[in-house]
Amino acid sequence: MTEKRMSRWYFGGIASCGAACCTHPLDLVKVHLQTQQEVKMRMVGMAMHVVKNDGVLALYNGLSASLCRQMSYSLTRFAIYETVRDMMGSSSQGPMPFYQKVLLGAFGGFTGGFIGTPADMVNVRMQNDMKLPAEQRRNYKHALDGLFRVWREEGTRKLFSGATMASSRGALVTVGQLACYDQAKQLVLGTGLLGDNIITHFLSSFIAGGCATFLCQPLDVIKTRLMNSKGEYRGVMHCLTETAKLGPLAFYKGLVPAGIRLIPHTVLTFVFLEQLKKYFGIRVIS
């Protein structure tokens, strides 16, 4: 008889929150780069600009919204993906085929992206607030204050501004992260060179982070512009055409900081998740 541990449904949200605390400054710099109308600064220059103007703690602007987003968006997508995967895995022989992982990841990510849209929008606004003139700043105290004020001042529909893009991006990120992580881990373990240890988790999650960054960057740019807009875009297609006028590379604006943020975030998320599973997971004896 062998014992293995299965993830609990909420572990993905907790692991994502831990990763978000570590990578939030990179996420903030990425948002600043994406919302530039013209390329004026690169990643390091933008980070130094933020620190110089507003102090080191400004790199953590919007952290409460980021954690709120992880506990809605990431918790939902991980819960759907891992629960269904483990149920199907226990009733069939061997791991799921890759195409099923992709479909399940897309569904989980799309659902999580929609549920997490309000917190995501407040996160983008709080991170970008310091770039605005003092009289135009929204000055949300924290994530819940931001959600309440958007609902009161702009209506329920505004809370889900950019939901189409956020859901689509969520689907692509989840395919890149969860489906690719599972597949990469399966391939690494299949070589017999490495066991189910932290080196395998690191290598698999690094590959998954790279896949997720490449897949979702164009949608991420559009989503960020829509969420941060003050009415200048009529919709997704208008934002898409306006961004396209800046050239094809505009869709990959901030790719390097996005990768530098998303790859470590993916690595930390899965390392934390595997440790949670190892020490606090559900025991399954087969």
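**Close-up views of a predicted model**

E232 is partly exposed, with a relative accessible area of 44%. The legends below all refer to a predicted model.

**View 1. E232 in the loop between α9 and α10.** The partly exposed residue E232 belongs to the loop that lies between these two helices. In sequence, E232 and Y99 are 133 residues apart. In space, the C-alpha atoms of E232 and Y99 are 39 Å apart.

**View 2. The packing of α9 with α10.** The two helices pack at an angle of about 115 degrees, and their axes are 10 Å apart. This angle makes α9 roughly perpendicular to α10. The crossing of α9 and α10 is right-handed. Helix α9 contributes V221, I222, R225 and L226 to the contact, while α10 contributes V236, C239, L240 and T243. By class, the contact of α9 with α10 comprises 6 nonpolar, 1 polar and 1 charged residues.

**View 3. The buried residues of helix α10.** In α10, which spans residues 236–244, the buried residues are H238, C239 and T243. They cover an arc of only 130 degrees around the axis, and so they lie on the same side of α10. Helix α9 (198–228) is included in what covers these buried residues. Both C239 and T243 also take part in the contact of α10 with α9.

**View 4. The packing of α9 with α11.** Helices α9 and α11 pack at an angle of about 140 degrees, with 8 Å between their axes. Their crossing is right-handed. On the α9 side, the contact involves I198, H201, F202, S205, F206, A208, G209, G210, A212, T213, C216 and Q217. On the α11 side, these residues meet L255, A258, G259, L262, I263, T266, V267, F270, V271 and E274. The residues of the contact of α9 with α11 divide into 13 nonpolar, 8 polar and 1 charged.

**View 5. The crossing of α8 and α11.** Helix α8 covers residues 163–191 and helix α11 covers residues 255–280. The axes of α8 and α11 come within 12 Å and cross at roughly 55 degrees. This angle makes α8 oblique to α11. The crossing of the two helices is right-handed. From α8, the contact is made by R169, Q177, L178, Y181 and K185; from α11, it is made by R261, L262, H265, T266, F270 and E274. The residues of the contact of α8 with α11 divide into 4 nonpolar, 3 polar and 4 charged. L262, T266, F270 and E274 of α11 also meet residues of α9.

**View 6. H265 in helix α11.** H265 counts as buried, at 3% relative accessibility. Not counting residues up to four places away in sequence, H265 touches S16, A19, A20, T23, Q70 and Q177. Within the contact of α8 with α11, H265 is one of the residues contributed by α11, and Q177 is one of those contributed by α8.

**View 7. L159 in helix α7.** Helix α7 is formed by residues 156–159 and includes L159. L159 is buried, with a relative accessible area of 11%. Its contacts, not counting residues up to four places away in sequence, are with T117, P118, M121, L147, V150 and W151. L159 and R5 are 154 residues apart along the chain, and their C-alpha atoms are separated by 38 Å.

**View 8. F114 in helix α4.** Helix α4 extends over residues 98–115, and F114 has its place there. F114 counts as partly exposed, at 43% relative accessibility. F114 touches F160, A163 and S167, not counting residues up to four places away in sequence. F114 and I207 are 93 residues apart along the chain, and 26 Å separates their C-alpha atoms.

**View 9. N139 in the loop between α5 and α6.** The loop that holds N139 lies between α5 (117–128) and α6 (143–154). Phi of N139 is near 55 degrees, a positive value in a residue other than glycine. N139 is partly exposed, with a relative accessible area of 48%.

Definitions and conventions: Residues numbered from 1 in each chain as written. Predicted model: local features only at pLDDT ≥ 70, side-chain atom pairs only at ≥ 80, totals over all residues. Heavy atoms only, no water. Axes fitted to C-alpha atoms, helices over the stretch in contact; angles between N-to-C directions. Helix = DSSP H or I, 4+ residues; strand = E, 2+ residues; numbered from the N terminus. Parallel < 35°, antiparallel > 145°, perpendicular 65-115°, else oblique. Left-handed = near helix turned anticlockwise from the far one by under 90°. Contact = heavy atoms within 4.5 Å. Nonpolar A, V, L, I, M, F, W, Y, C, P; charged D, E, K, R; others polar. Buried < 20%, exposed > 50% of the residue type's maximum accessible area, 1.4 Å probe, protein only. Arc of directions from axis to C-beta.
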